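Here are my notes on the model, point by point. Have the structure open while you read.

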Amino acid sequence: MNEKRIIGNRIVIPIGPQHPSLKEPGCFTITLEGEKVVHAVIGVGYNHRGLEKACESRSFIQTLYLIERVCGICSHTHSTAFCQGIEELSGITVPRRAAYIRVIIAELERLHSHLLWLGVAAHEIGFDTLFMYSWRDREKVLDILAEACGNRVNYGINTVGGVRRDLDDNVIQGISKMADSLENQLKYYLDLVMIDTTLSARLSGIGKLSREDAMKFGAVGPVARAAGISYDIRTIEPYGAYGEIPVKVITDDHADVFGRTVVRIREMLESLEILRFCIKNIPDGGIAVKAPRRIPAGEVISRTEAPRGENIHYIRSNGTDILDRVRVRAPTEANWHGMKHMLEGQYLADVPITIAAIDPCYSCADRAIVINSGNKTEVMDWQRLRQYSIEWYKKRGVDMASVKMPESKAYF
Amino acid sequence: MVSALVKIFIFPGFVFMAAYSMFLEYLDRKIYARLQNRIGPPWYQPLADFLKLLGKETIIPADANRMMFQVLPIASLAAVATSFIYIPVFGRNAVAYFEGDVVVVLYLLTVPTMSLFLAGWYSRGIYSTIGSVRTLTQMFAYEVPLFMALLAPGLIAKTWSVSGMAEFYSRHPLYILINVPAFAVALIAGQGKLERAPFDSPEAETEIVSGALVEYSGKLLALFRMSVDCELVLIASLISAIFLPFMTGNVILDFALYLIKTCAILVFFTIMRSVMARLRVDQMLAFYWRLLTPVAVVQMVINLLVRGNLRL
Amino acid sequence: MQDEQTSTVQAEQAIVEKICEKFGFLTGKVFVQRKKRILTQPLDKEEFEQLLHYAHDELGFYRASHVVGTDDGEDLGFIYLLVNEEGVILALKERAPKSNPQINSMTGVFPSLELHERELVDLFGADVRGLPEGPSFPLPDGWPKGNYPMRKDWKPEYFDRKTMTYNPPREDADKEAKSDE
């Protein structure tokens, strides 16, 4: 293998598909001269499982649950975008309370996603203490999410026409308590990032993507905002209840990993403000309206602001209950393109943090699902998965076998 | 003869060093975990890890040089064990000592690092090659300040024997105050020597998997890990013998003091590792050459001046 | 209500008017769907490329967010989604027959389209001319040629993942199965 890998004074090293710095498979082939990266090739697609094809053979309600599993971290934003699209097609208006609940869950999701990112980024630069701290604080958010939705991730709270669960007073009090304690922690992290010398030595000037390049490569989310582009769907196209909620777009002009870190931490503080506004102003009323079984024919482009950036769903319906085409453009997909530009000319040591700084979500970008059952990993086809879930519920006293499924041929 | 062998192999020689290294590893991991809001491992974890590794299959890569691959961990451990003989642990003097043994200790200390470099190089893997080059780069960075810091106290004590230095400073404890900068340099350079954060780029997990040792497994890895742990004991003992040589004259009490001093040094190492991010190789080099080496040089100059005016 | 509707989409209307002014033949083919959404009818290759260049150079649509491939029966549809700084989406549609699914790569104008156009090649079998060299995306190495999973006539249940072959049932076998019933 060495003959191929070492050419003159250049070494070609593969980062991935399996590598400790990558939490999901992706292959970055890096050519090094000494410690400097001279060339980078980005290979993604390991997680592609044809989710969009699967959507074309299921009713839109089944598709909703499939879409929620596009990503493990930002599942709510995908299901929100999808529901919004269907609601727009069929002309439903979501009750105001439901819109507020969607915003609350979305902001909680942003908090937990950014805290997760902060931990991963700290780990990439060998600062494990910050990693442990931020993940400890993330638990507070996950506890609230579990109480509100019954699940730590993949909340399953969205449905076409509203939400499936109401937030009770316990949850609302829990949110305001969590917001207070988390705010102190976040301010501490912000100070830490600003003051600590080793952190700024590892973050400043790394993964530069200037405003012009960010526009050219179509970067979205914190990557674009750290380059000074004030692009946030929550203000550009206020969806759901965001029209009534004041949202401050956080930007920064460092245009490097340091800027992205600062933007993410400030965004979390902003999310806390939004949460406080929401729990103060959440209206009473119903949480869902009935959705029709068939959706009128038409096409719609729906977008939301995911924790990682702009998330676009293209939905086309042909008038039946099965959608003609669903195309999910996750934010990571938009951020890949600037990566090669960011990597080249840097030190090898900065490659992991540069990759991590866009908060890549490979599953999102490739649209995939992996099924883990116990310690053996296997791919179940649709029928077996259904059988498995029926048995799982039977053990717990619920008989799901009586629920009829429409004819849909299985695959993968 | 028998008592010499007991001293070399059992106490305060190899067996004690190995056992104490496991205790220090446990302490290191436990404090590190507590600082990070984790629970941390139970006290027997390092021993369990070691025994488990011994029972695992040893895989030697097809491309690797078999002989070197197997000999290097043993060489590394042997060098550490040999140099430990020259460090006073139990009683006023070390098991063996002669004028100039600190130089021998310092040179034996480079053997584990060189073994690590060669191990990475002969494994012929991509990550291990980069890791071993980084190991060597780091060695060039920390060696000069570390050596100067450890030799500088010898200028005042007019001896280059570890036991001699310990004896001198225990008789004249106030002179130790002159060596405070060297003490700081030795602690920081020692952290680099042990490849611990923030100077752990040679084994940066998230960049090059685990550097030079990435191809190692089973018994050979266990030996390497043990020699790294023993290096920790060695460095802590060396620093405590040279810079913290407070003695009471009572052998048992002195031994207790030795344990306290080495544990205190370890706690410092652990806190340092937990509050900083990993420096890049170029930043590490700049730090050692621009900051630590000048401080060590200044210390040398001061000690030479003091030595000139010294009347003892 | 109607007035409100028109006043909120003024900016979008202005863009449409500009396009129609420049390209008279597009009148009626470009329309405002709703706030922040401008759609076109499926266009010819030349019309499409002219409009895309114009949108990028003159109208400030600096970002191409992605391409949606669709299977429209006889044709393949390609929807290029462009975004300007105000967040207005301009969805340009292009169409090519399945018998000759040839389109030109737009990566020269928008470098960020590379992965999305590769996806069109892999999943829809589009023949994208001028795409830069690079690894295929997203299908694995060793995927059988001529299998385009996102086309409607490609049924996943006929694909054998172990041997990586696509085995559609023969038509007469279908009939036999029916007569058995």
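1. Let's start in chain C with one residue pair: C:Leu43 stands opposite C:Glu94, the latter in strand 5 of chain C. Strand 2 (residues 37-43) and strand 5 (residues 89-97) of chain C run parallel and are joined by five bridges. Two strands count as paired if DSSP finds at least two bridges between them. Strands here are DSSP runs of E with at least two residues, helices are runs of H or I with at least four, and both are numbered from the N terminus.

2. Before going on, some housekeeping. This is a predicted model, in which local features need pLDDT of at least 70, side-chain atom pairs count only at pLDDT 80 or more, and totals for chains, interfaces and linings use all residues. Residues are numbered from 1 along each chain as its sequence is written, while chains are lettered from A and ligands numbered from 1 in the order in which they are written.

3. Now the sheet in chain C. Five strands make an open sheet with mixed pairing, in the order 1-2-5-4-3. At the edges sit strand 1 (30-34) and strand 3 (63-72) of chain C, each pairing on one side only. On average, neighbouring strands of this sheet are turned by 25 degrees against each other, direction ignored.

4. Which strands does helix 3 of chain C lie across? Helix 3 (residues 45-57) lies across strand 2, strand 4 (75-83) and strand 5 of chain C, at about 155 degrees to strand 5. Helix 4 (residues 114-124) of chain C lies across strand 3 and strand 4, running at about 15 degrees to strand 3 of chain C. For these angles, axes are lines fitted to C-alpha atoms (for helices, over the stretch in contact), and values run from 0 to 180 degrees between N-to-C directions.

5. On to chain A, which has 17 helices and 11 strands. Of its 412 residues, 52% count as buried, meaning that 20 or more other C-beta atoms, placed from the backbone, lie within 10 Å of the residue's own.

6. Chain A is assigned domain 1 (5-46 + 366-401) and domain 2 (51-363); such bounds come from an automatic or database domain assignment. The C-alpha centres of the two domains lie 21 Å apart. Their contact takes 22 residues from domain 1 of chain A and 22 residues from domain 2 of chain A, where contact means C-beta atoms, placed from the backbone, within 7 Å. On the domain 1 side, strand 4 of chain A gives the most, with six residues.

7. Chain A also touches chain B, through 27 residues from chain A and 26 residues from chain B. On the chain A side, the largest share, five residues, comes from helix 6 of chain A. That side divides into 14 nonpolar, six polar and seven charged residues. Nonpolar covers Ala, Val, Leu, Ile, Met, Phe, Trp, Tyr, Cys and Pro; charged covers Asp, Glu, Lys and Arg; the others, Gly among them, are polar.

8. Last, confidence. Chain A averages a pLDDT of 81, and 88% of the residues score at least 70; pLDDT is the predictor's confidence in each residue, from 0 to 100. By mean pLDDT, helix 12 (residues 257-281) of chain A is highest (91) and strand 10 (residues 372-373) of chain A lowest (36) among the elements of chain A. Values stay under 50 over residues 368-377 of chain A and over residues 404-412 of chain A. Where pLDDT is low, the predicted coordinates should not be read in detail.

Notes:
Two residues are in contact if their C-beta atoms, placed from the backbone, lie within 7 Å. A residue is buried if 20 or more other C-beta atoms lie within 10 Å of its own, exposed if 12 or fewer, and partly exposed in between; C-beta atoms are placed from the backbone.
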